[in-house]
Amino acid sequence: MRLNLANSLTLVRIVAIPLFAACFYLPWPWARPTAAILFVLAALTDLLDGYVARRFNQTTAFGAFLDPVADKLIVATALVLLVQADPRLSLTLVAAIIIGREITVSALREWMASIGDRTSVAVSFIGKVKTTLQMTGLSLMIWQQPLGALETYPLGLLLLLVAAGLTMWSMWVYLRAAWPALSRSA
């Protein structure tokens, strides 16, 4: 298989994860902002790879598989790093909700696809809003340092809490849509 530009951008997002994690732990004052910049750049590749794939007709089965995997890997990594750095119950619960939802919805989509009904659990507008809030919140929390008078970490946590609420809502929407198939007798 030859890699196209869209799939290469997705792979860049995965390759960026160890670099992002290493920067997060560097003992330098600019380590967290650097990690945040890497996280934001990786998140932007998610927008860019989808655009490139659609615009230049580069959609592939490999890309359709890899793109959501890359998203989940970088978000889960960011959440684990943040919980390790700030092990408060509120952040731990938010991380568990977000990671748990991703596992649940991924399994649900896989199962629905196996029975030929994947469209019932396609990505929704709620999911896109959730992702935007989640990525913005995570970026601000990773940055950690104030930007002028703006305290980034508390604002990021607030956005992440809202994203966690939307996470639960979108999971409920997906489960409700799949319920007829889930509740059928085998």
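1. Leu161 is part of helix H6, which covers residues 152-183. The model is a predicted one.

2. Leu161 also belongs to a nonpolar patch on the surface.

3. Is Lys130 buried or exposed? Its relative accessibility is 4%, and buried means under 20%, so Lys130 counts as buried. Lys130 sits in helix H5, residues 125-143.

4. Which residues does Lys130 touch, leaving aside those up to four places away in sequence? They are Arg101, Glu102, Ala163, Leu166 and Thr167.

5. Helix H5 is made of 19 residues. From its first C-alpha to its last, H5 reaches 27 Å, which is close to the 27 Å expected at 1.5 Å a residue.

6. Lys130 is one of several buried residues in H5. Ile126, Gly127, Gln134 and Met135 are among the others, as are Gly137, Leu138, Ser139, Leu140, Met141 and Ile142. An α-helix has 3.6 residues a turn, so residues three or four places apart point the same way.

7. What do the buried residues of H5 pack against? Their partners are helix H1 (5-25), helix H2 (31-55), helix H3 (61-85), helix H4 (89-114) and H6.

8. After H5 comes Gln144. The phi of Gln144 is positive, near 70°.

How values were computed:
Residues numbered from 1 in each chain as written. Predicted model: local features only at pLDDT ≥ 70, side-chain atom pairs only at ≥ 80, totals over all residues. Heavy atoms only, no water. Patch = residues over 30% accessible without salt bridge, like charges linked within 9 Å, V, L, I, M, F, W, Y side chains within 5 Å. Areas by Shrake-Rupley, 256 points an atom, 1.4 Å probe, with all protein chains shown as cover. Salt bridge = Lys/Arg side-chain N within 4 Å of Asp/Glu carboxyl O. Helix = DSSP H or I, 4+ residues; strand = E, 2+ residues; numbered from the N terminus. Buried < 20%, exposed > 50% of the residue type's maximum accessible area, 1.4 Å probe, protein only. Contact = heavy atoms within 4.5 Å. Expected span 1.5 Å × (residues − 1).
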